[in-house]
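Open your viewer and keep the selection tool at hand. This tour goes stop by stop.

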Amino acid sequence: MAAANKLSVGVIGCANIAKKNCVAASTPFASCSITAVSSRSDDKAREFVNEVFSGIEQRPTHIFSGSDAYNKLLESKESCDAVYIPLPTKLHEAYVGSALRNKKHVLLEKPVAVSAQSYRDMLSIASQQGKFLMDGTMYVHQTRTKHIVKAIPNANRIHFNFTFEGDEDFFKNNVRVKKEGDFMGCIGDLAWYCVRMGLLVFSDLNADALRQGLVKEVQVVNCELNDEGVPIDADCMVYFSDKRVLSIHCSFKHPLNQTVNIFGTGSEYTATITDVILPRKGEHLEISLSKQYLIGYDQICCQEGKVLPASNAHVQEVCMWHNFAKWAQKIDEESSQAAADVENEKWWGGSSDEVKAANDIASYSLHTQIVLDGLMESIQKGGVRIQL
């Protein structure tokens, strides 16, 4: 750990998404410190540091550049205790494995792997090395998310739109539309968040429900691929136990929309959140509850509603880093003292709430990837239902 019990973190690659996460990791509540940066281009590494850390007191003290920059950082014992990896999906397994074997905790951008089996292999290495592996889905760490999960009793339907409109440069150059980059396209980039919300709500925040087979089937009912065969627009169905359903529209071709609606049989209200992935700024975030009814011989519709506030004292990226540092520290303290149980998705041994939370979030990551694998298989097979 770095000074004052902060987790020292190195960044593998200077991707755009790394900028906001480096700023978030550098806030006091995050309990982290960015101590190393790596890029194959020395100019890019130094430009990244000068831009991102211009107003931050503590700047990275280690800058690695050149064709072997990533490996040099990973093999460096003094530069950091953990790494953040925002690289294209196809590079994850190699660099995650190297990081873990070099005794570094890993925060990994989503989608986490090219397949669920690949992620299982990464988690097995993390278990063997006694190091934490966590995905970078930021909203799950926000206080509001727990309130969203509990907002509608007996929830059995979720509809999630997550879209944005890419420009010409995006469709020509962005890694998210490249077969050799993030080949899952809008499924991996956008549906990942939607699937995670479905897992959270329908498991009622109980990871054991995932491990017992919560998701039954998946299907992509409509999909558009680009010239490289990468999904850029898709409508997906995820079928859960007890006839619960998550429907998803994810797209790089429509205006920004990040709205989730949650319904429940017998529930008086419907929950709507319109900023669920990238929330608005303010001290509080909102969950809107509404109900409709008819009057005047069923000719006129009336609507009533109320708002549930949730604290936004720390933005979700800061909360994510805070939890990552806290859970990594507990795994360092406890995993060598207690046996793991990989077959039952208990990758790190220990009795504390922090180690339990670490195992649970790893299960949510794995099962999100399992659903994505099924969706991609449905696309490849012409839109058929895939049993999981």
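How many residues does helix H5 have, and how far does helix H5 reach from its first C-alpha to its last? Select residues 116-129 to find out. Helix H5 has 14 residues and reaches 20 Å, close to the 20 Å expected at 1.5 Å a residue. The expected span is 1.5 Å times one less than the number of residues. Helices (H or I, at least four residues) and strands (E, at least two) are DSSP runs, numbered from the N terminus.

A word on the source: this is a predicted model, where local features need pLDDT of at least 70, side-chain atom pairs count only at pLDDT 80 or more, and totals for chains, interfaces and linings use all residues. Residues are numbered from 1 along each chain as its sequence is written, and side-chain values use heavy atoms, with hydrogens and water left out.

**Stay on H5**

Colour the buried residues of H5, among them Tyr119, Met122, Leu123 and Ile125. Buried means under 20% relative accessible area, exposed over 50%, partly exposed in between (1.4 Å probe, protein chains only). Now show what the buried residues of H5 pack against: helix H4 (92-101), strand E5 (105-108), strand E6 (133-135) and helix H11 (353-380). Contact means heavy atoms within 4.5 Å. Step past the end of H5 to Gly130, whose phi is positive, near 70°.

**H8 against H11**

Select helix H8, residues 185-203, together with H11. They pack at an angle of about 125°, with their axes 9 Å apart. H8 is therefore oblique to H11. Axes are lines fitted to C-alpha atoms, for helices over the stretch in contact, and angles run from 0 to 180 degrees between N-to-C directions. Angles under 35 degrees count as roughly parallel, over 145 as roughly antiparallel, 65 to 115 as roughly perpendicular and the rest as oblique. Show side chains at the meeting: Trp192 and Leu199 are among those from H8, and Tyr364 and Leu372 among those from H11.

**The cysteines**

Where are the disulfides? A search of the whole structure finds zero. A disulfide is a pair of cysteine sulfur atoms within 2.5 Å. Select Cys250: its sulfur is 3.8 Å from the closest cysteine sulfur, in Cys186, too far for a bond. Cys250 is buried, at 0% relative accessible area. For Cys80, the closest cysteine sulfur is in Cys32, 12 Å away, also too far for a bond. Cys80 is buried too, at 3%.

**Last stop: Ala209**

Find Ala209 in helix H9, residues 207-211. Ala209 counts as buried, because its relative accessibility is 19%. Ala209 touches Ser203 and Leu214, not counting residues up to four places away in sequence.
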